Amino acid sequence: MDRELERIQERFYAMVARGDSLAEARGLVVGDPRLRAETRMAVYRRMYVDRLVEALTDDFPKLAHVIGAAFEPLLREYVRACPPNSPTLRDVGARLPGFLAGRPASPAWHAELAALEWARVDVFDAADAATLAAPSLDAMTPEQFPGLWLRLVPASSVLSFGHPVDDVWSAIEDGVEVAKPSRRSRTVLVWRRAEQVLHRALEEDEASLAPALQVGTTFEAICEELASHADPPARAIELLLRWSASEILRQPAAL
Amino acid sequence: MFPRLGHGFGLRPPHYRQVIDEQPPIGWLELVTENFLVAGGPPRRVLEAARARYPVVLHGVSLSIGSTDPLDERYLDALAGLVAEIEPAMVSDHLCWTSFGGHAAHDLWPLPYTDESLALVVERVARVQDRLRRRILLENPASYVTFVSSRLEEPDFLAEVARRADCGIVLDLGNLHVSAANHGFEARDYLAPIPPERVGYFHLAGHDADGGLLLDTHDAPVCQPVLDLYREALRRFGPVSTLIEWDGEIPPLEGLIAEVDRARAVADAALEETASGS
């Protein structure tokens with residue numbers, strides 16, 4: 001089978017996406033006195049990078065704010081290191097947090113801020129689910145509570161950080177000057193409610209419950225996990241009502 | 001072969017809510033397929049609401065019909081699922097390649113027009129159509145290069161793909177204008193080889209210029225030469241469905257509707273002239 005087309009596409013890709021010399025364009029594409037082959041190929045190289053940088057800038061505005069003028073060169077470095085592997089442009093930023101985490105020149109909190117921003121992108125179009133609402137809770141008998149199945153909605157994500165990057169996010173959002181965050185552990189819940197993406201820091205006992213809530217657990221198990229609290233059932237009810245009001249719990253099948 | 005939907009525009013995020021709430025008087029909507037290959041959330045609700053109000057065409061940018069990479073089966077599965085759910089009036093993508101070595105370009109790269117690429121595209125279109133259980137349509141790309149190895153002219157290649165694969169054509173008159181300027185051919189000459197029964201719809205869009213080339217930026221009103229080309233195309237192909245594409249510097253909805261009305265006026269006049277034999 002003739003593989004000339006594959007060779008042409010390999011050379012085209014190498015010039016446009018890998019930065020190979022545009023002199024390779026001669027003999028591949030037609031040039032003319034008006035525009036040389038290299039000039040014509042340069043259009044594709046510029047459009048390839050510009051489109052990806054634009055999409056990434058749209059998805060990571062807070063990171064762009066803190067990095068400033070160095071953000072675009074950073075994105076070009078990222079695109080070169082992690083060329084897109086999904087047919088959906090929406091996914092182009094999925095590996096940016098990991099890229100930053102492995103980049104010695106990037107402070108750890110940059111990667112964490114990127115992870116927060118990416119989680120917000122990701123939950124925006126995650127699967128829908130009916131949520132556990134107050135009327136359902138009101139209709140329950142006391143005997144039903146221990147076995148009540150609690151699980152976070154699909155459009156949610158729980159992130160553990162070594163820095164309070166949610167504070168950085170809020171400062172930028174509020175137009176307040178951003179200081180480099182000090183090291184302080186923070187667990188952040190990101191979720192979608194109706195058309196809105198929200199996030200907030202979890203309290204310490206909420207954070208300890210998060211892994212179980214992600215896979216599904218019972219109200220009884222929640223109370224057991226809160227054993228060190230002065231009044232575990234009361235605290236469990238308080239959290240349940242808060243989570244229900246925030247629409248972060250799936251409607252159990254049994255209710 | 002293809003439905004006559006009248007005039008419509010490409011629905012983009014700035015207008016999602018307003019179009020669903022106000023239901024402007026247009027014939028149809030085109031949506032970018034990849035924006036809705038998601039699990040849920042606001043995008044899927046927009047798609048369902050748009051579909052409940054208008055005929056919808058799904059227009060993709062990542063089918064990569066001309067790539068030597070294998071067809072992306074996960075993408076095809078997702079597309080097939082979306083098509084089965086939405087039942088769009090038409091499904092289209094581009095005569096181009098958008099991936100190589102497992103990496104996505106997120107750009108529409110041109111093909112050399114050779115016997116090898118013709119056979120490859122025909123075979124892949126057949127497989128896609130089998131998977132989707134319907135004809136697809138391929139759009140002529142705007143291009144900035146032509147290949148030394150090309151044996152066929154683009155309209156002859158596109159016509160031959162349509163004939164052999166039994167698929168349709170989206171005739172993008174804005175892209176045609178851009179390509180004609182960039183490669184020094186007469187845009188009207190492109191129309192003759194295109195089989196009229198294969199044209200499912202026209203695209204009309206604005207463009208920009210940079211460094212001696214026209215760029216299909218889709219961020220401006222449709223220029224007069226493209227409207228003239230549209231008039232010519234209507235005379236040749238008849239009252240084919242027509243879509244205004246505006247992807248950047250998007251105007252308020254009223255401006256987009258005005259552009260649709262402008263195209264409709266051109267079409268009404270052209271078709272009346274044709275009917276009267278003038």
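Three strands of chain A, in the order β2-β3-β4, form an open sheet with antiparallel pairing. Strands here are DSSP E runs of at least two residues, helices are H or I runs of at least four, and both are numbered from the N terminus. Two strands pair if DSSP finds at least two bridges between them. The model is predicted: local features need pLDDT of at least 70, side-chain atom pairs count only at pLDDT 80 or more, and totals for chains, interfaces and linings use all residues. Side-chain values use heavy atoms, without hydrogens and water; residues are numbered from 1 along each chain as its sequence is written, with chains lettered from A and ligands numbered from 1 in the order in which they are written.

- Axes are lines fitted to C-alpha atoms, for helices over the stretch in contact, and angles run from 0 to 180 degrees between N-to-C directions.
- β2(A) and strand β3 (residues 186-193) of chain A run antiparallel and are joined by 6 bridges.
- F161(A) has R186(A) in β3(A) as its bridge partner.

**Chain A overall**

- Chain A holds 11 helices and 5 strands.
- Its radius of gyration is 24 Å, well over the 18 Å that the globule rule gives for 255 residues, so chain A is more spread out than a compact globule. The radius is taken over C-alpha atoms, and the rule is 2.2 Å times the number of residues to the power 0.38.
- Along the principal axes, the C-alpha atoms of chain A fill a box of roughly 85 × 50 × 25 Å.
- Of the 255 residues in chain A, 49% are buried. Buried means under 20% relative accessible area, exposed over 50%, and partly exposed in between (1.4 Å probe, protein chains only).
- Among contacts in chain A with a separation of 6 or more, 63% link residues 24 or more positions apart. A contact means heavy atoms within 4.5 Å.

**Barrel, chain B**

- In chain B, 8 strands close into a barrel in the order β1-β2-β3-β4-β7-β8-β9-β12, with parallel pairing.
- The twist there averages 25° from one strand to the next.
- Strand β9 (residues 199-205) and strand β12 (residues 241-245) of chain B pair in the parallel sense over 5 bridges.
- L204(B) stands opposite I244(B) in β12(B).
- Helix α8 (residues 253-276) of chain B packs on the sheet and touches β1 (7-10), β9 and β12 of chain B. The helix direction makes about 145° with that of β1(B).

**Nonpolar cores**

- The largest nonpolar core has 155 residues, and F9(B), V121(B), L173(B) and F202(B) touch the most other members. A nonpolar core is a set of buried Ala, Val, Leu, Ile, Met, Phe, Trp, Tyr and Cys residues joined through side-chain atoms within 4.5 Å.
- Helix α2 (residues 37-59) of chain A supplies the largest share of this core, 11 residues.
- A second, separate core of 26 residues includes L137(A) and I248(A).

**Positive phi, chain B**

- H106(B), in strand β6 (residues 103-109) of chain B, has a positive phi of about 55° although it is not a glycine. H106(B) counts as buried at 12% relative accessibility.
- H218(B) has a positive phi near 55° and is also a residue other than glycine. H218(B) lies in the loop between β11 (213-215) and α7 (224-237) of chain B, and is buried at 9% relative accessible area.
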